[in-house]
Amino acid sequence: MSDLKQAVPPDEAPPSYEAAAKPISTPARPPPLRAPLPLDLPVINALRGKRVILASASPRRKQLLAQIGLTNLEIIPSTVPEAFPKSLSPFEYVLQTATQKATTIYAAELNNTKLGDPALIIAADTVVVSLLGQILEKPRSEMQHISMLKSLRDTGAHKVFTAVAVMAPLESAKDPGYALQTSVEETTVRFDKEVTDDMIVAYVKTREGADKAGGYGIQGIGALLIEKIDGSFDNVVGLPLRVTLRLIKKVLDEAIDEEFTAFEDEEET
């Protein structure tokens with residue numbers, strides 16, 4: 001009997017009728033996360049309000065550049081066919097392709113009477129290279145997509161090369177009339193060998209990797225396929241930011257130096 005009469009602990013007691021009758025208040029929503037302030041760097045500030053062209057339709061590259069403060073970009077992708085031979089080394093292939101994109105858009109937009117000359121042009125090209133040295137393009141069908149991912153899983157590590165080309169016009173008449181800086185970044189990516197065929201098929205059906213060289217997006221669901229990388233993460237996404245920022249600074253410094261030299265030459269004459 002004593003057990004039946006034992007008092008119920010206060011923390012286990014049911015609510016009173018008065019408390020139960022009160023409307024349940026909706027918890028306040030947490031304030032939205034504030035976006036980080038833009039980078040306060042001279043090289044970025046010098047481009048504010050000027051024409052900065054991204055010679056690529058890739059939304060991922062646009063998003064990456066926005067992270068460093070280049071938000072007001074003109075998107076003008078190059079339409080020239082990428083017809084360089086696959087017999088080139090991956091390094092040369094991406095370098096020539098990115099340079100061609102930049103110079104093509106530069107030539108098309110120079111002396112633009114409506115918008116003015118561009119202050120900066122950024123172009124990039126990314127390829128995925130298998131362990132056997134094969135340059136992998138975007139998959140052309142679901143069957144090829146599945147086969148491509150299975151091959152990357154089964155053959156071990158593969159490499160991702162991204163070339164970045166940055167151009168700016170020079171004030172002087174010095175040939176060729178522009179400053180150009182390029183760089184190629186390399187990252188090694190290893191797929192998880194435990195990834196099943198079912199996982200690969202399920203990933204392919206999401207279509208996330210359908211528009212990407214190598215057939216996967218490391219920044220999205222495709223991260224499930226990856227065991228580890230050695231090198232720059234954003235290089236695999238499509239644009240190594242650290243390298244790109246360095247190239248922008250070099251190009252702008254060269255343009256400023258040329259402008260100063262041209263001014264001195266005018267003073268001497």
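Author: In this predicted model, the second largest pocket has a volume of about 480 Å³. Its lining is made up of 21 residues, and Ala46, Lys50, Leu252, Ala255 and Ile256 lie nearest its centre.

Reader: Which element gives the largest share of the lining of the second largest pocket?
Author: Helix α8 does, with eight residues. By class, the lining has 14 nonpolar, no polar and seven charged residues.

Reader: What makes Tyr106 and Tyr178 an aromatic pair that is edge-to-face?
Author: Their ring centres are 5.2 Å apart, and rings pair if their centres lie within 6.5 Å.

Reader: Why is Tyr106 called buried, and why is Tyr178 called partly exposed?
Author: Tyr106 has 7% relative accessibility, and buried means under 20%, so Tyr106 counts as buried. Tyr178 is at 23%; partly exposed runs between that cut-off and 50%, so Tyr178 counts as partly exposed.

Reader: What makes Phe191 and Tyr216 an edge-to-face pair?
Author: The centres are 5.2 Å apart and the planes are at 75 degrees. The limits are within 6.5 Å and over 60 degrees, so Phe191 and Tyr216 form an edge-to-face pair.

Reader: How do you know that Phe191 counts as buried?
Author: Phe191 has 2% relative accessibility, and the cut-off is under 20%, so Phe191 is buried.

Notes
Residues are numbered from 1 along each chain as its sequence is written. This is a predicted model: local features need pLDDT of at least 70, side-chain atom pairs count only at pLDDT 80 or more; totals for chains, interfaces and linings use all residues. Side-chain values use heavy atoms; hydrogens and water are left out. Rings of Phe, Tyr and Trp (its six-membered ring) pair if their centres lie within 6.5 Å; planes under 30 degrees apart count as stacked, over 60 as edge-to-face and the rest as tilted. Buried means under 20% relative accessible area, exposed over 50%, partly exposed in between (1.4 Å probe, protein chains only). On a 1 Å grid over the protein atoms alone, a cavity is a set of points where a 1.4 Å probe fits but cannot get out, and a pocket is an open set with protein on both sides within 12 Å along at least five of seven lines; lining residues have an atom within 4 Å of a point. Grid points are joined across faces, edges and corners, and a volume is the space filled by probe spheres set on the points. Helices (H or I, at least four residues) and strands (E, at least two) are DSSP runs, numbered from the N terminus. Ala, Val, Leu, Ile, Met, Phe, Trp, Tyr, Cys and Pro count as nonpolar, Asp, Glu, Lys and Arg as charged, and the others, Gly among them, as polar.
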